[in-house]
Amino acid sequence: MMAMGPLSIWRSPLIFLAILAAIFGVLPLLISQYRMSIANEILIFALLAMSIDVLAGYAGRTSLGHGAIFGTATYVIIYWTANLGGSPWIGCLLAIAAAVLMAAAFALFAMRVSGVYFVLITLALGMIVWGVCLRWSNVTGGENGIRGSGRPDIIADPFVFYYVTLAVVLFFAFVIWRFVHSPFGLSLCGIRDSESRMRSLGYGTTLHMFLAFTITGFFSGIAGVLYAFFNNFVSPSTVELSQSVEGLLMAIVGGVGTIFGAFLGSAAIILLENVVSQYTARWPMVLGFMFIGIMIFAPQGILGALKRQATRKL
Amino acid sequence: MSESALNLENIVVAFGALKAVDNVSMTVKRGERRAIIGPNGAGKTTLFNAITGVTRSTSGRITFEGLDISRKPAQSRARMGISRTFQITNLFPSLTVEQNMQLALRGTGSRKFSMLGSARLVSEEREQVASALALSRLATREAVEVTELSYGEQRQLEIAMALVSRPRLLLLDEPAAGLSPAERQMVTDIVRSLPKDLTVVLIEHDMELVLKLVDYVTCLNNGQMLAEGSPEEIRANQLVQDVYLGKARANA
């Protein structure tokens with residue numbers, strides 16, 4: 001397992017969290033408000049990418065449905081606050097509950113399969129969510145989406161919201177790190193390596209996969225709620241396939257099975273999108289070349305490659 | 001009845017028209033050392049799979065310590081105290097020996113559901129792992145990744161993982177397959193040093209090794225029971241000799 005190198009730095013999450021807190025904590029003091037909003041977006045998508053990395057890096061299952069789970073939470077909280085006029089805090093709970101339920105429904109279909117079948121099932125389920133959001137227009141607003149009613153006063157200020165996002169994302173980064181290094185997390189690695197051996201050791205592998213998928217849906221849902229507060233707008237593009245793909249690519253670029261690599265992957269992709277799109281409309285091409293480069297020179301992702309370098313020197 | 005650990009009644013495992021195991025019945029007493037022998041394709045591993053729940057038996061009844069387990073899934077049977085090794089090495093290759101042992105140890109308990117606790121072993125678990133590794137002669141290899149173990153060591157780890165949860169029935173599927181003579185001797189020693197109250201059923205091709213280790217032998221051929229008896233009886237049995245050494249059959 002990647003997180004078990006001989007260097008103790010790779011074992012303790014606190015050093016990484018401290019570095020992240022320092023970097024992201026200082027950023028708003030140095031950059032413009034527009035750039036701070038990009039940093040804010042990087043944090044939110046890092047949480048989505050981490051939730052995908054739990055399945056991809058530990059259980060060995062590549063999900064293309066987590067964007068839809070993320071977007072479900074965004075839809076629910078915006079519908080609740082803007083169309084029904086409900087409290088945003090109750091909306092948070094409803095949205096996260098909706099994401100968890102959606103993930104549980106996905107899990108019922110996906111928990112028994114692995115490999116390409118897992119990819120296809122999560123892809124198909126995500127497409128269904130997207131289709132419903134697009135067509136059920138009297139609720140979702142169809143292609144026009146729904147405009148939110150703004151953030152609650154207490155987090156309305158962009159600085160405050162940025163630091164709240166930072167705190168929430170770092171807290172859940174820690175929780176996710178503990179989760180994958182727990183006995184349950186190790187059982188996911190076991191399922192990745194040999195499901196038949198796991199069963200003959202007494203593990204109900206289907207139940208483990210169901211729980212793992214549903215719990216990652218919880219993390220995606222939190223990211224979706226943050227995104228609703230951040231973007232104040234939701235449309236079918238929030239739940240579409242490219243959202244899931246982007247989250248997965250962030251996890252891959254950062255380093256599958258490293259958890260904290262998600263921050264690097266999210267930063268790399270969102271920065272490229274924002275910087276390169278200023279110069280050329282063909283920025284997806286540049287992004288494509290970056291992926292090819294990473295797959296050739298650092299197939300374990302940025303953090304994965306750094307980790308390998310560090311452990312090799314010993 | 002209370003003396004029998006494992007009881008098979010008319011077990012059939014069919015894959016379409018092929019009966020891989022055809023009407024096999026046997027009783028293994030508590031603490032017994034039993035060997036299942038037979039030529040390739042005799043149905044030995046399929047019978048193991050039926051006992052452990054990897055494949056469901058098509059018909060027949062399997063009882064373990066008096067309880068009918070015929071319809072239980074593999075993981076429930078493991079939690080009841082049935083443990084096995086695999087003929088084709090089936091470990092967690094990207095994990096270390098210690099992590100393999102952790103997974104093996106916790107499969108039968110409830111700590112496997114701990115989601116925020118540390119994966120590290122508590123001292124009681126550590127002792128259990130240490131004693132299983134010592135029994136399997138792997139004591140100094142805890143931190144090594146499975147892919148870096150020699151094939152022989154991987155076979156030893158197979159046994160250690162099957163032992164660590166303190167099963168009451170141990171099924172060894174060709175534990176010495178592919179090993180050098182020195183390593184075979186080690187496997188023999190390991191099986192010899194297993195606790196006396198542990199019931200052991202093993203599949204093995206090496207007749208010399210089998211006959212030294214067990215109290216009783218069951219010989220399968222073409223999925224059917226061919227002969228049963230003590231090692232001496234089996235060695236002298238004409239049918240067994242024909243199957244192993246070859247004989248012009250009437251329909252050949």
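Helices (H or I, at least four residues) and strands (E, at least two) are DSSP runs, numbered from the N terminus. This briefing concerns a predicted model, in which local features need pLDDT of at least 70, side-chain atom pairs count only at pLDDT 80 or more, and totals for chains, interfaces and linings use all residues. Residues are numbered from 1 along each chain as its sequence is written, and chains are lettered from A and ligands numbered from 1 in the order in which they are written.

**Contact between the chains**

- Chain A gives 23 residues to the contact and chain B gives 29 residues; two residues are in contact if their C-beta atoms, placed from the backbone, lie within 7 Å.
- On the side of chain A that touches chain B, helix 7 (158-180), helix 8 (183-193) and helix 9 (195-200) of chain A each supply at least two residues.
- Helix 8 of chain A provides the largest share of that side, eight residues.

**Sheet in chain B**

- Six strands of chain B form an open sheet with mixed pairing, in the order 6-7-8-3-9-10; two strands pair if DSSP finds at least two bridges between them.
- Strand 6 (82-84) and strand 10 (224-229) of chain B are the edge strands, each pairing on one side only.
- Strand 9 (residues 216-221) and strand 10 of chain B pair in the antiparallel sense over five bridges.
- Leu220(B) has Met225(B), in strand 10 of chain B, as its bridge partner.

**Helix across the sheet**

- Helix 9 (residues 238-245) of chain B lies across strand 9 and strand 10 of chain B, and runs at about 125° to strand 10 of chain B.
- Axes are lines fitted to C-alpha atoms, for helices over the stretch in contact, and angles run from 0 to 180 degrees between N-to-C directions.
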